[in-house]
Amino acid sequence: AAPGKVAFGLMANEQLASLQRDFAPHLELQPPRDRVACSLRPRANPTNYSDRKAFDPTGVLSADEATGMAELEALEARGLELCSALYTYRSIARALPTAGGDDENKRAMYLTSFEVLHPHVQRVKELMYYKDDAVAKFCASLALCTGPGSDGLLLALSRVFDVVAVLDSIKDTKACLSNDLSVYKRAFAHCRADVTNADAIFNSNNALQLFLAEKGPLLSALKAAVHRLPGAEESICAMAHLCAEALEGGWCLLPAERHRMLRACACLVWLLDCPAGGGPNAFLSRKLRRDRLGRLFKVSPVVPLYGDMHANLPLILRRCPNFSPAAAAELLPHSRREMESLTGSYDVVAAAGSLRSLVVDYTMSLPALLRRADALGGRRLGR
């Protein structure tokens, strides 16, 4: 039986080799002619909770919570688009020539400048309109966080809250927004008679000017609206504790998700803290686990924000109305040794000495490695 099996195996191998010789030239893989678009970003809710009406009898998730989560996810996507548009925004007014010549030529140049700037200023106004929508939907969804099955809604709220904080941070670093608006308003004043809906544009320009002049307008409006809700302190603390649980339990698959949770924890402490007599004190509240949050802040005090920007979590806490070094002892490092060890974990300058020594060691060992490669029969690139 064994020789028969060997003969059969040899015959099968010969047939396989013959098929490969005959068909291999025709089976070469060719790249697709059309580019295939593929997104690696997972969708948390691909069906947009279309079955939300079935949740009520289960008691796990109500239809109102599912509707709120769907609205918050749409709000988050819209905010991320605004983050990208705002981060990549560059001044347009610098490229525009100064109006000169006679009155007719000046008027034509101002009209052209207005037409060039108008679509870009409208994009900035979208940020102002987003503030109203974000505050209204955030507060409406926060009012639903009363039952034990609200974890999904709390996580959706934390994502929207982080997007609002990122938008505020990017907006405050863009001085070119106010410069472009000034040139836009000047051009509009000279060609107002030739523009349709001039009154509406005039009113929105004034509102945008006040919006850009204020520091952190989105978070300020959100904080004022949230503290008018009953039970806001419990909901904010629950949101912060859920983010801390996600960080401690390793729920975050990507580093960006972990950084978002850390930013949200610090900003939620700021959101909870109110001036004396105006609301809860985040540093005295018994409903907030400051020791739990402090362990997270002391491990990662500085995290990426957006693009090349970073978020300094201790600086966010220092903006709280009731902040003091003694009150924030549980949240921030208070000894010089702790501060130095934390600085070394993220500061590139602190690691410059060790990096230089590594470069020197590698530079000194490189010739020996190349000689060893030549001795073993290797070939350098470029020969």
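**Cavities, a pocket and some local features**

About 80 Å³ of space lies in the largest cavity of this structure, which is a predicted model. In total, the structure holds 2 cavities of 30 Å³ or more.

Let me stay with the largest cavity. Its lining consists of L82, A85, L86, Y89, R123, V124, L127 and L167. Two elements, α2 (63–87) and α3 (103–142), each give two or more residues to that lining. By class, the residues there divide into 7 nonpolar, no polar and 1 charged.

The second largest cavity contains about 30 Å³ of space. Y89, V121, V124, L177, D180, L181, L208 and L212 line this cavity. Here the elements that give two or more residues are α3, α5 and α6, and α5 provides the largest share, 3 residues. The class count for this lining is 7 nonpolar, no polar and 1 charged.

Of its 21 lining residues, S169, D172, L219, I316 and R319 are the closest to the centre. Two or more residues come from each of α4 (151–172), α7 (217–226), α9 (255–272), β2 (310–312) and α11 (313–318). Among these elements, α4 gives the most, with 5 residues. What is the make-up of the lining of the second largest pocket by class? It divides into 10 nonpolar, 6 polar and 5 charged residues.

Next, helix α10, which spans residues 290–299. Its buried residues are R290, R292, L293, G294, L296 and F297. The elements that cover these buried residues include α8 (232–248), α9 and α11.

A word on the cysteines. How many disulfides does the count come to? The count is 0. For C267, the closest cysteine sulfur is that of C320, and because the two sulfurs are 9.4 Å apart, they are too far from each other for a bond. C267 counts as buried, at 9% relative accessibility. C83 is buried as well, with a relative accessibility of 1%.

Finally, a point of backbone geometry. Most residues other than glycine have a negative phi. N197, although not a glycine, has a positive phi of about 55°. Where is N197 placed? N197 is in the loop between α5 (176–190) and α6 (198–213). N197 is also exposed, with a relative accessible area of 59%.

Notes:
Residues are numbered from 1 along each chain as its sequence is written. This is a predicted model: local features need pLDDT of at least 70, side-chain atom pairs count only at pLDDT 80 or more; totals for chains, interfaces and linings use all residues. Side-chain values use heavy atoms; hydrogens and water are left out. Helices (H or I, at least four residues) and strands (E, at least two) are DSSP runs, numbered from the N terminus. Buried means under 20% relative accessible area, exposed over 50%, partly exposed in between (1.4 Å probe, protein chains only). On a 1 Å grid over the protein atoms alone, a cavity is a set of points where a 1.4 Å probe fits but cannot get out, and a pocket is an open set with protein on both sides within 12 Å along at least five of seven lines; lining residues have an atom within 4 Å of a point. Ala, Val, Leu, Ile, Met, Phe, Trp, Tyr, Cys and Pro count as nonpolar, Asp, Glu, Lys and Arg as charged, and the others, Gly among them, as polar. Contact means heavy atoms within 4.5 Å. A disulfide is a pair of cysteine sulfur atoms within 2.5 Å. Grid points are joined across faces, edges and corners, and a volume is the space filled by probe spheres set on the points.
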